[in-house]
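Dear colleague,

I am passing on a structure for you to look at, and my notes on it follow below. Please open it first and keep it beside you while you read.

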Amino acid sequence: MKVLRQALLGLVAVASIGTASAGEVEVLHWWTSGGEARAVGILKDLLEEEGHTWKDFAVAGGAGSSAMTVLKSRAVSGNPPTAAQIKGPAIQQWAELGLLGNLDKVAEEGNWDTLLPEVVADVMRYDGHYVAVPVNVHRVNWLWANPEVLADAGVEMPTTWEELFSAAEKIRAAGYIPLGHGGQPWQDATIFETVVLSVGGSDFYRQALVELDPEALQSDTMIESLKLFKRLRGLMDEGMPGRDWNMATSMVISGDAAMQLMGDWVKGEFSAAGLTAGEGYLCAPAPGTADSFTFNTDSFAMFRVNDEGAHEAQRDLARLILEPEFQIAFNKIKGSIPVRTDLDMGEFDQCAQQAMQDFKASIDQGTLVPSMAHGMALSSAAQGAIFDIVTSYFNASDMTAEQAAERLANVANSAL
Amino acid sequence: MSSTSTAGAPRHGALRRTPSGLLQDWLPRIVVAPSLVVSLVFVYGFMLWTFVLSLTNSRMLPSYDFIGFAQYARLMENERWWVASTNLVVFGGLFVALCLFLGVVLAILLDQRIRQEGALRTIYLYPMALSFIVTGVVWKWLLNPSLGIEAMVQGWGFETFSFDWLVDPNMAIYTLVIAAVWQASGFVMALFLAGLRGVDDSILKAAQLDGASLPRIYWRVVMPCLRPVLFSAVMILAHIAIKSFDLVMALTGGGPGYATDLPATFMYTHTFSRAQIGLGSASAMLMLGGVLAILIPYLYCELRGRKHG
């Protein structure tokens with residue numbers, strides 16, 4: 001059965017698997033769109049300068065879920081790639097299976113312990129050993145806006161939810177959609193976690209959405225968050241269900257919609273439309289979350305390899321990823337900020353500079369929290385169960401906030 | 001089906017054992033063997049494996065810690081599974097019924113020896129040539145309240161007109177029915193038209209001589225003759241309904257919320273993106289059960305019919 005299984009899964013997986021030669025890294029990632037592909041090209045060039053070969057293994061689609069499916073079949077067939085883009089608690093799951101290699105030596109040489117914020121480093125370590133290397137930091141709790149629409153409606157960038165709601169009335173009166181949104185579960189969850197963070201603060205956020213404490217999930221704070229979350233739906237247009245996030249962003253760009261709550265990857269859409277931060281588009285921390293920072297970090301996990309050349313290349317890859325040259329070049333294109341806090345942000349745009357400032361502040365204040373909606377906080381099973389409740393509450397007319405909170409608590413109790 | 005008929009080809013090679021005769025004797029078996037092995041492994045082998053996995057606590061990767069039927073119990077407690085199953089009943093029932101009704105009506109109308117029949121037939125059959133993805137995307141735009149039909153009618157001046165089923169969690173499942181019926185009813189029409197053409201003219205003439213009206217002839221005489229066609233049509237439609245995946249993905253993506261989830265999309269989500277292979281396998285086994293519940297009575301009738309015929 002086992003031999004059969006391996007043989008078959010090998011077939012199901014990618015057919016072209018070359019034998020690893022000295023110094024070759026095969027890198028599985030899902031950065032396939034224009035800007036992302038360019039960003040990953042930088043890493044490829046750097047690695048090839050070191051004399052290694054980069055074997056690209058890009059799997060497009062589904063925000064990485066297709067890539068994960070391919071990765072699983074490769075791993076089960078006993079032939080994982082040398083490095084793979086894996087994020088959040090999934091790193092721990094892979095490490096638990098004993099498939100990941102140890103990066104402690106590179107980490108020690110590169111002084112990762114002081115370079116990386118503790119919260120981020122924690123995600124990269126399994127059992128005290130580094131098994132993955134972080135690439136970037138995206139901030140999720142952002143509010144984006146079209147300055148012309150705001151000016152036309154005569155409103156300022158809101159900093160509290162009440163300001164947002166009163167601005168929205170004026171925006172609607174001026175003939176615009178106040179909030180551009182795409183009604184897909186992960187986008188609903190993105191807004192939900194931001195609302196929870198603003199209503200309950202970072203400690204409550206951690207209790208509820210990271211530790212899945214049933215009491216927190218059923219508390220009045222959660223019910224208040226859910227009610228506020230549902231109110232935001234009234235600011236969206238009715239064509240929203242199923243829309244992709246970048247379509248919502250282009251509504252903001254074209255001036256159909258005034259604002260969008262989304263992570264900073266939307267900057268890619270704004271700059272593709274030729275807009276610059278601060279002039280063509282505005283960014284501000286999502287209302288009520290200026291002091292906190294919801295992070296979404298991409299990372300590469302290194303699989304255990306026997307080949308010495310590949311091992312060497314792996315270590316070089318891990319080292320290069322954290323070097324200033326790559327961190328700056330990559331993150332400028334990707335729209336994120338460097339994961340190390342000691343770099344000069346002069347070359348970055350205004351939003352990224354603010355993100356870095358807030359990132360550092362949130363590390364000091366302990367208000368840096370992992371994003372639940374982007375797979376940084378929970379196992380995919382628990383995350384999926386939360387998504388189900390959040391999105392059906394958001395869309396259904398017949399579910400009360402109390403019922404939703406109770407169902408959230410049930411998820412936590414059912415020990416996924 | 002077709003492979004077994006090849007195997008049963010006449011074996012005149014048995015008479016004279018020349019090398020070419022031997023080859024001829026064995027050729028059918030050699031040709032059929034790989035496809036038999038392939039279907040044994042990839043269809044029945046994987047069915048068995050899925051069943052085994054549904055009894056384990058497999059999460060991200062398959063594991064073999066058996067936990068009995070606990071995954072099935074979890075599935076029964078899962079609200080989303082019940083939404084998906086109810087949706088399948090609503091979607092499947094309406095889809096099969098509407099397709100049959102429209103298909104039969106179209107076939108009877110086309111059977112009236114009208115002009116340009118070929119052209120009309122092609123028009124009705126054409127949607128079947130599209131993939132469900134294309135159908136889904138087109139209907140997604142048509143049904144989108146801010147782009148499609150609603151916006152158009154409102155643009156004509158009927159401000160209060162509302163057709164927002166696609167974004168209404170309680171109605172969204174019916175948009176799947178609309179798109180699927182649009183796609184498949186032409187195919188049902190083609191099946192029935194072929195059947196109608198096969199009905200012996202003399203029966204019709206005899207009925208006409210007896211003074212039966214046209215609707216009566218169709219209802220009492222022609223349709224009973226078409227029972228086998230009806231059967232095939234129901235079988236094909238029912239399994240399209242159970243397997244529906246691409247249409248949901250393209251048209252609604254399972255939304256709003258998970259209001260249009262079907263068992264197939266449920267299975268995919270849990271197995272592949274939520275790292276719950278055990279639960280996903282359990283749902284796959286229940287889907288298989290659903291297919292068998294339709295298939296076994298069908299095979300039973302077919303085989304019994306053969307014996308008598």
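In this predicted model, 30 residues of chain B are in contact with 29 residues of chain A. Between them the two chains bury about 2500 Å², of which 61% lies on carbon and sulfur atoms. On the chain B side, the residues that lose the most area to chain A are M60(B), L61(B) and R274(B), and together these account for 24% of what that side buries.

Three salt bridges are found across the interface of chain B and chain A, and R407(A) forms a salt bridge with E79(B), where the closest N and O atoms are 3.7 Å apart. If you ask which elements of chain B give two or more residues to the side that touches chain A, they are α2 (19–54), α4 (79–110) and α13 (263–273). Of the elements of chain B, α2(B) gives the most to that side, with four residues. Sorted by class, the side of chain B that touches chain A has 15 nonpolar, seven polar and eight charged residues.

Turning to chain B as a whole, its secondary structure comes to 14 helices and zero strands. Its C-alpha atoms fill a box of roughly 85 × 70 × 35 Å, taken along the principal axes, and its radius of gyration is 25 Å, whereas a compact globule of 309 residues would have one near 19 Å. UniProt, in an unreviewed entry, places the feature "domain: ABC transmembrane type-1" at residues 85–300 of chain B.

Finally, the structure holds 26 salt bridges over all chains, and one of them lies within chain A, where the side chains of D349(A) and K267(A) meet at 3.3 Å, N to O. Why does this pair tie together parts that are 82 residues apart in sequence? The reason is where the two residues sit, because D349(A) lies in the loop between α16 (324–334) and α17 (350–365) of chain A, while K267(A) lies in helix α14 (residues 266–272) of chain A.

With best wishes

Key
Residues are numbered from 1 along each chain as its sequence is written. Chains are lettered from A and ligands numbered from 1 in the order in which they are written. This is a predicted model: local features need pLDDT of at least 70, side-chain atom pairs count only at pLDDT 80 or more; totals for chains, interfaces and linings use all residues. Side-chain values use heavy atoms; hydrogens and water are left out. UniProt positions are given in the numbering used here, feature names are shortened, and annotations may be inferred rather than shown by experiment. Contact means heavy atoms within 4.5 Å. Buried area is the accessible area (1.4 Å probe) that two parts lose on being put together, summed over both. A salt bridge is a side-chain nitrogen of Lys or Arg within 4 Å of a carboxyl oxygen of Asp or Glu. Ala, Val, Leu, Ile, Met, Phe, Trp, Tyr, Cys and Pro count as nonpolar, Asp, Glu, Lys and Arg as charged, and the others, Gly among them, as polar. The radius of gyration is taken over C-alpha atoms; the globule rule is 2.2 Å times the number of residues to the power 0.38.
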